[in-house]
Amino acid sequence: MGKGEDDKARLGRLTLLADAEAALASTLDLLDGLRRACRVLTGRLGDWCVVDLLDECGRLERAVVVHRTPEALIPGGYEGLLPPVPEDAGGPLPRVLRGAGPLLIADMCPPSRAVNPLHARQLELFEQLGAHSAVITPLRARREVLGALTVSRTDPDHPFTEDDLPLIEELVRGLAVQVDNARLYQQTQRIAERFQRALLPELPQVRNLQIAARYASAQAVAQVGGDWYDAFVLPRGNTALVIGDVTGHDLQAAIDMSALRNMLRGIAVDRQEPPGDVLRRLDIASHTLQHEATATCIYALVKDPPEKNGSWGLHHSCAGHLPPLLTTAEGDTRYLETGAGLLIGLDPGHQRPTAIDELPPHSTVLLYTDGLIERRAESLDRGFARLRQHTAALAREPLDVFCDELLGGLAADCTDDAALLALRPAPAHT
């Protein structure tokens with residue numbers, strides 16, 4: 001091979017490595033990324049490609065099967081849980097999962113000569129997909145084997161050889177690092193979401209008041225945010241409602257949210273002051289203890305149930321949050337826009353107003369975060385109008401149905417977390 005041909009081959013290898021790693025990194029979904037990377041390999045290196053992954057319990061799953069000709073695959077006929085990895089490491093795949101490799105498979109045995117169930121499944125795959133030669137390589141990162149990648153050729157005139165092993169080993173090494181990073185990212189997000197959900201409170205049971213809440217994580221991106229809601233009864237009998245959103249979409253946002261929630265609870269129970277005064281005290285405490293955190297928040301009080309045929313009073317103050325929405329039993333809607341002020345964390349000296357609005361019997365007051373209404377390339381006014389239309393149509397539905405339908409209808413395609421808290425005065429005598 002001349003120098004020009006040698007340089008061309010080296011460039012081809014580097015391009016293949018870069019394209020496969022870029023395909024895996026092009027999405028946050030690990031399996032989707034592996035499929036994209038395998039399509040690159042089957043397009044330029046082999047005829048079909050398989051990725052088997054070990055989970056945290058040591059179980060082996062055939063996660064991805066990609067063929068140069070997709071019609072050659074039986075849909076859903078290959079993926080799924082595989083037999084346990086044998087202790088004796090009999091067969092090439094178990095050997096690779098124990099850390100050997102890359103291994104070149106040049107002589108294909110029939111499944112009847114398998115030495116264990118896992119080996120049999122591998123030989124069945126070779127037979128079903130017409131493998132003539134294959135290379136099995138461990139996905140190894142941080143001295144841990146995460147699984148194995150098998151790439152195969154079906155052409156007897158163009159088999160894999162020992163000369164192909166260095167390229168495939170280098171290729172799989174880069175993929176393994178990205179698989180490890182993707183798993184660590186997903187693990188961090190799962191921990192953050194469990195942490196956030198663990199902070200969601202148990203709603204109080206209050207005579208003549210119905211309270212319901214919902215929380216949904218973002219679907220389009222695997223992120224956790226600082227959305228929270230809260231509801232509790234104060235010593236004097238008033239019911240407190242809280243909803244808020246800490247700036248950010250990461251574990252730190254969830255931590256800041258937890259700190260603000262606990263500070264607000266303590267201040268509210270200890271002082272039992274009007275909502276504007278409580279939020280002012282929260283602002284001072286946040287500026288002192290969480291001086292880098294900013295958040296939106298609504299703190300509202302529902303006074304003790306009134307006498308027969310009376311209306312409840314909602315005393316509320318808003319720190320940069322979206323306004324509460326009041327929907328009457330007849331379907332009339334109105335945003336409660338008084339009582340607005342700056343975000344928490346901007347100005348601890350800001351004087352915060354308290355607004356008072358009447359809640360007729362069987363009306364519904366809704367507190368919510370921006371994930372319920374905001375959409376990309378759409379004005380906020382349109383989101384407000386859409387929310388009013390939905391609540392008006394659901395005005396006479398049971399409160400749990402009201403919340404489920406809102407979340408399902410408005411937050412299904414959202415790219416942000418969404419939380420909502422709804423309260424409905426429901427006097428027993430009616």
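This is a predicted model: local features need pLDDT of at least 70, side-chain atom pairs count only at pLDDT 80 or more; totals for chains, interfaces and linings use all residues.
How many of the 430 residues in this protein chain are buried, as a percentage? The figure is 52%, where buried means under 20% relative accessible area, exposed means over 50%, and partly exposed lies in between, with a 1.4 Å probe and protein chains only.

Quick housekeeping before we go on. Residues are numbered from 1 along each chain as its sequence is written, and side-chain values use heavy atoms, with hydrogens and water left out.

Okay, the overall picture. The chain has nine helices and 17 strands; these are DSSP runs, H or I of at least four residues for helices and E of at least two for strands, numbered from the N terminus. Its radius of gyration is 30 Å, while a compact globule of 430 residues would have one near 22 Å. That radius is taken over C-alpha atoms, and the globule rule is 2.2 Å times the number of residues to the power 0.38. The C-alpha atoms fill a box of roughly 90 × 45 × 40 Å along the principal axes. As for contacts, meaning heavy atoms within 4.5 Å, take those with a separation of 6 or more: 67% of them are between residues 24 or more positions apart.

Which order do its six strands take? They run β3-β2-β1-β6-β5-β4, in an open sheet with antiparallel pairing. In general, strands of a sheet pair through backbone hydrogen bonds, either parallel or antiparallel.

Let's zoom in on β6, residues 144–153. Nine of its ten residues are buried, so the strand is largely enclosed by the rest of the structure. Six bridges tie it to β1 (residues 48–54), antiparallel, and there cysteine 49 has valine 151 of β6 as its bridge partner. With β5 (residues 133–141) there are nine bridges, again antiparallel, and alanine 141 stands opposite glutamate 144 in β6. The hairpin of β5 and β6 has two residues between the strands, and arginine 142 takes a positive phi near 50° in that hairpin.

Histidine 362, not a glycine, has a positive phi of about 70°. Find histidine 362 in the loop between β15 (355–359) and β16 (364–368); at 31% relative accessibility it counts as partly exposed. Alanine 377 has a positive phi too, near 60°. Alanine 377 sits in the loop between β16 and α8 (380–393) and, at 92% relative accessibility, counts as exposed.

Last stop: valine 115. Where is it? In the loop between β4 (103–105) and α4 (117–128). Valine 115 counts as exposed, at 56% relative accessibility. Leaving aside neighbours within four places in sequence, valine 115 is in contact with Gly90 and Gly91. From valine 115 to arginine 376 it's 261 residues in sequence and 56 Å in space, C-alpha to C-alpha.

Key. Two strands pair if DSSP finds at least two bridges between them.
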